[in-house]
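Please work through the following exercises with the sequence and the three-dimensional structure in view. Each task is followed by a solution in steps.

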Amino acid sequence: MLAYLIRRVGQALLVIAAMATIVFLSIYAVGNPVDILANPNADAKEMAEISARLGLDKPLWEQFGLFVWNALHGDLGRSFVFNEPALKLIIQRMPATLELAFVALIMSIVIGIPLGVWAGLKPDAWSSRTIMSGSILGFSLPNFWIGLMLILLFAVQLKWLPSGGRGPTTNLFGIPVSFLSWEGLRYLLLPAFTLALYKAALVIRLSRSGTREAVLQDYVRFARAKGLSPTRIVLVHVLKNIMIPVVTILGLELGSMIAFAVVTETVFAYPGMGKLLIDSIGRLDRPVIVAYLMMVVVIFVVINLIVDLLYAALDPRVRLQESEG
Amino acid sequence: MSGPILSIHDLKVEFGTRQGVVKAVDGVSLNVYRGEVLGLVGESGSGKSVTGLSILGLIDPPGRIASGSIKLEGQELIGLPEHELRRLRGERMAMIFQDPMTTLNPVLRIDTQMIETIRAHEKVSEKAARSRAEEALKRVGIPSPAERLLTYPHQLSGGMRQRVAIAIALLMSPALLVADEPTTALDVTIQSQIIAEVQQLCAETGTALIWITHDLAVVAGLADRIAVMYAGRIVEEGDVDPVLDHPRHPYTYGLLGSAPSNNRRGEKLAQIPGMTPSLANLPPGCAFAPRCAFAQEDCRVVPPALTHAGSRAWRCFHPVPDRETV
Amino acid sequence: MTDAPFILDRGESLWRQRVSQFFAKPSAYISFGLLVLLLLIAVFAPWIAPQNPYDLAQLDIMDGRLPPGSKSMDGKTFWLGTDEQGRDMLSAILYGLRISLFVGVVSTFFACIIGASIGVFAAYKGGKVESFVMRLVDLQLSFPAILIALVLLAAFGRGIDKVIIALIIVQWAYYARTVRGNALVERNRDYMEAARSLALPRSRILFSHLLPNCLPPLIVVATVQVAHAIALEATLSFLGVGVPVTEPSLGMLIKNGYDYLMSGKYWISTWPGLALVLAIVVINLVGDRLRDVLNPRLAK
């Protein structure tokens with residue numbers, strides 16, 4: 001187990017290092033941020049000064065060496081625009097994004113499981129066909145456009161919910177969150193729902209196929225033979241069986257939700273790290289772009305690592321295979 | 001009550017398939033009395049399991065009970081509203097299934113699965129239900145039942161799991177237990193232990209038992225009476241010893257001949273020629289005629305009716321001559 | 001190869017059979033018809049659009065932000081309204097559809113060719129090459145496409161060509177995986193054994209024997225992937241890293257309308273959005289039908 005752990009962590013670090021190289025080279029190889037930062041009337045001397053101040057006059061390999069050295073010390077550079085450590089900027093915006101992703105994750109479960117179970121119990125009913133067509137749309141329609149249409153309907157036409165931004169926050173263990181007050185929650189509803197739609201479609205499919213499989217199992221027949229009510233059979237016997245795979249897969253999807261929040265945050269002008277990324281791309285603020293991407297890569301790798309290790313810890317067969325292989 | 005616990009009359013169960021309507025059970029009549037063990041024997045596809053499921057009202061679409069009558073302790077079950085049927089299931093009639101690996105829900109603890117059964121039928125406290133569950137586990141021979149209650153099914157062996165299923169089925173002391181090949185998936189040694197235990201438990205409580213199996217050896221040691229099914233019909237019925245010693249229907253005769261036994265060691269095992277017919281297109285006459293060594297022209301025209309003789313009955317125009325030993 | 005005509009003939013009838021299978025469902029006519037219509041619109045947009053939306057001489061700023069059905073200063077009707085520069089939305093959508101479909105089809109085409117070649121090659125080589133390629137595929141597919149495309153475009157800058165390159169890089173892995181999965185099955189079949197024992201050149205075995213047998217699932221994946229590529233391009237353009245302002249796709253048009261959404265000028269975003277949705281849904285419907293016909297195993 002220890003050998004497996006060490007090897008798995010080693011692989012994770014390797015992936016992070018590889019991604020760091022790719023990200024740095026692709027972001028730093030192209031474009032000149034000085035053009036954007038400098039006053040349009042600046043002469044060549046001023047440009048050179050800015051370039052030198054940002055360390056952009058050095059050769060690429062030297063910049064890369066410096067980047068790696070600093071990154072190992074937890075320094076991902078200073079934002080050209082805000083003149084603050086890029087990592088600090090990202091971390092400031094992180095609670096907003098994580099809150100959005102978590103609320104969306106919970107929404108996708110709350111929406112997806114009941115609909116999926118229903119569609120699995122009554123596969124031929126028109127309601128189930130409607131649900132399944134809806135989930136296909138959820139998969140294929142561009143998410144940002146759905147967000148826009150929701151704004152048009154609920155914010156512009158009905159004026160029930162705010163069109164964007166983040167609501168008032170309260171501190172929870174020192175982290176600012178907005179879901180604790182109704183006013184804050186009002187701001188979260190539309191963006192979280194939009195972000196949840198894609199995963200809800202996934203959850204609907206997973207729970208539908210899980211339910212269809214479960215109702216054919218002997219344990220459901222036995223539960224009926226015991227005289228249990230259909231409600232109890234569905235809510236306890238079937239639901240408990242499909243919850244485990246659905247929740248596992250969704251846990252894995254948390255990373256992609258954080259990444260996809262880039263789009264949702266832009267649509268709803270939600271001040272998370274995704275919006276910061278898009279703004280920074282527009283302003284060629286390289287250190288912030290790199291810091292965001294490194295953060296996301298680390299989140300992805302860590303989630304994958306945790307899931308793998310949990311599996312190895314829970315399932316003796318995985319451990320056995322690993323020690324043999 | 002002196003009448004039968006279970007009385008089935010002319011039961012017909014149909015399944016709508018792409019090839020048309022299939023009559024899985026075609027006119028089955030049966031009586032089972034208090035404390036009696038009936039062995040329901042047949043190959044897979046003979047309709048024996050479907051008969052068992054119909055008693056509990058567990059036939060799912062595309063299947064449906066087309067006609068007939070099923071009376072449990074005098075009460076007609078066919079046409080009974082679902083909620084009343086549900087009240088009877090688990091309380092007056094219970095069922096156990098073939099594969100103990102899949103009968104118990106893998107993600108629920110044993111205590112959950114036992115206590116929910118009691119509380120579906122009686123308003124009792126969780127604590128009282130738990131002690132009854134523990135008692136029930138002890139009765140089926142499970143050591144340290146209090147600990148077993150807290151385990152998940154995968155932590156138990158196959159035999160243990162089937163014992164748990166039996167304990168659950170007998171929790172409410174039902175009048176009737178339908179056991180659908182409950183020992184087929186188990187080792188032979190465990191199989192005989194479990195058979196002995198079920199037999200004893202049913203005898204103690206007077207529970208009538210329908211034991212569905214394809215294994216004549218099991219029936220020989222367990223059942224009081226036997227009913228042999230072929231292609232949805234009962235082809236021979238009677239007390240277990242006379243039927244097994246002197247089968248009258250050629251199919252029963254063939255089944256006995258194809259069972260391996262000690263006294264014919266070294267001989268080639270007899271087989272019934274041909275295959276179980278597809279229920280979708282049965283021959284017009286006797287369904288067994290195409291495979292039957294005794295079949296004559298009249299067998300292929302109309303299906304034979306039941307011939308009664310004392311406590312026995314068979315469905316054949318040209319039965320195996322009486323007193324011929326196998 | 002004397003029996004080549006026979007094989008050809010059989011091949012033809014197989015395809016004819018599949019075509020008639022495809023249209024066995026009446027709804028297939030509708031989705032296929034709509035797809036053809038959309039493609040025709042995209043190709044002939046310059047000839048059917050009421051105005052050239054990017055010829056500034058034809059625009060009048062006085063016509064800006066008119067709601068659908070309004071008349072222009074010189075008496076023409078804007079059926080779908082105008083944007084802030086007085087551009088006819090209907091014309092803008094026709095041109096935008098052209099760009100969106102172009103990007104989707106071209107990027108999918110090249111991604112398919114590149115990815116499939118890499119997949120076949122990996123499956124045929126086996127061993128280290130295969131496991132390296134598949135590691136790469138797995139690694140790439142474990143990150144969301146949108147993120148990879150964002151990084152690439154942040155590096156490349158804007159431009160139709162750059163979007164297409166980014167979409168190719170994002171998509172190739174799907175085809176590599178699809179083809180490799182199928183090739184694994186195919187390479188143990190008898191005809192492969194026969195080809196090998198005839199000592200045919202490796203390239204010949206790869207491209208005239210292995211690849212054709214991987215084709216049906218590839219076509220299915222590629223069709224649906226065109227819809228994904230269009231949606232992805234629209235998203236990127238909406239985020240401002242996709243096509244340039246001068247060559248707006250549907251996503252770009254939606255972005256332009258976004259600023260006016262709050263003031264109730266819904267049409268600038270809504271109509272291009274509906275055109276986008278229509279294109280994506282129609283392609284998906286055709287893709288579903290193709291999957292039913294070409295590969296029943298993949299059906300839901």
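## Exercise 1: Backbone angles in chain A

A:Ala269 is partly exposed, with a relative accessible area of 39%; buried means under 20% relative accessible area, exposed over 50%, and partly exposed in between (1.4 Å probe, protein chains only). The model is a predicted one, in which local features need pLDDT of at least 70, side-chain atom pairs count only at pLDDT 80 or more, and totals for chains, interfaces and linings use all residues. Residues are numbered from 1 along each chain as its sequence is written, chains are lettered from A and ligands numbered from 1 in the order in which they are written, and side-chain values use heavy atoms, with hydrogens and water left out.

**Task.** State where A:Ala269 and A:Lys159 are placed, and give the phi of each.

**Solution.** 
1. A:Ala269 is in the loop between helix 10 (230–267) and helix 11 (273–282) of chain A. Helices (H or I, at least four residues) and strands (E, at least two) are DSSP runs, numbered from the N terminus.
2. Phi of A:Ala269 is near 45°, a positive value in a residue other than glycine.
3. A:Lys159 lies in the loop between helix 7 (143–157) and strand 1 (170–172) of chain A, and its phi, near 55°, is positive although the residue is not glycine.
4. A:Lys159 counts as exposed, at 61% relative accessibility.
5. For background, most residues other than glycine have a negative phi, and most peptide bonds are trans.

## Exercise 2: The four-stranded sheet of chain B

**Task.** Describe the sheet with the order 2-1-4-5 in chain B and the helix that packs on it.

**Solution.** 
1. The sheet is open and its pairing is antiparallel. Two strands pair if DSSP finds at least two bridges between them.
2. Strand 2 (20–32) and strand 5 (75–76) of chain B are the edge strands, each pairing on one side only.
3. Strand 1 (residues 6–17) of chain B is joined to strand 4 of chain B by eight bridges, and B:Lys12 stands opposite B:Ser67 in strand 4.
4. Helix 1 of chain B packs on this sheet, touching strand 1, strand 2 and strand 4 of chain B, and its direction makes about 110° with that of strand 1. Contact means heavy atoms within 4.5 Å. Axes are lines fitted to C-alpha atoms, for helices over the stretch in contact, and angles run from 0 to 180 degrees between N-to-C directions.
5. Eight of the nine residues of helix 1 of chain B are buried, so this helix is largely enclosed by the rest of the structure; among them are B:Val50, B:Leu53 and B:Ile55.
6. B:Gly57 follows helix 1 of chain B and has a positive phi, near 70°.
7. B:Pro62 is found in the loop between helix 1 (48–56) and strand 4 (63–72) of chain B, and the peptide bond from B:Pro61 to B:Pro62 is cis, with omega near 10°.

## Exercise 3: The eight-stranded sheet of chain B

**Task.** Give the strand order of the open sheet of eight strands in chain B, and explain why strand 6 and strand 11 each have one side without a neighbour.

**Solution.** 
1. The order is 6-7-8-3-9-10-12-11, with mixed pairing.
2. Strand 6 (93–96) and strand 11 (307–309) of chain B stand at the edges with a single partner strand each, so one side of each has no neighbour in the sheet.
3. From one strand to the next, the twist averages 20°.
4. Strand 6 and strand 7 of chain B pair in the parallel sense over four bridges, with B:Met93 opposite B:Leu176 in strand 7.
5. B:Met93 and B:Met95 point one way from strand 6 of chain B, B:Ala94 and B:Ile96 point the other way, and all are buried.
6. Helix 7 (residues 158–170) of chain B lies across strand 6 and strand 7 (176–180), running at about 170° to strand 6.
7. Strand 3 (residues 37–41) and strand 9 (residues 225–230) of chain B run parallel and are joined by four bridges; B:Leu40 stands opposite B:Ala227 in strand 9.

## Exercise 4: How the chains meet

**Solution.** 
1. Of the two pairs of chains that touch, chains A and C have the most contacts.
2. Chain B and chain C do not touch, and their nearest C-alpha atoms are 19 Å apart.
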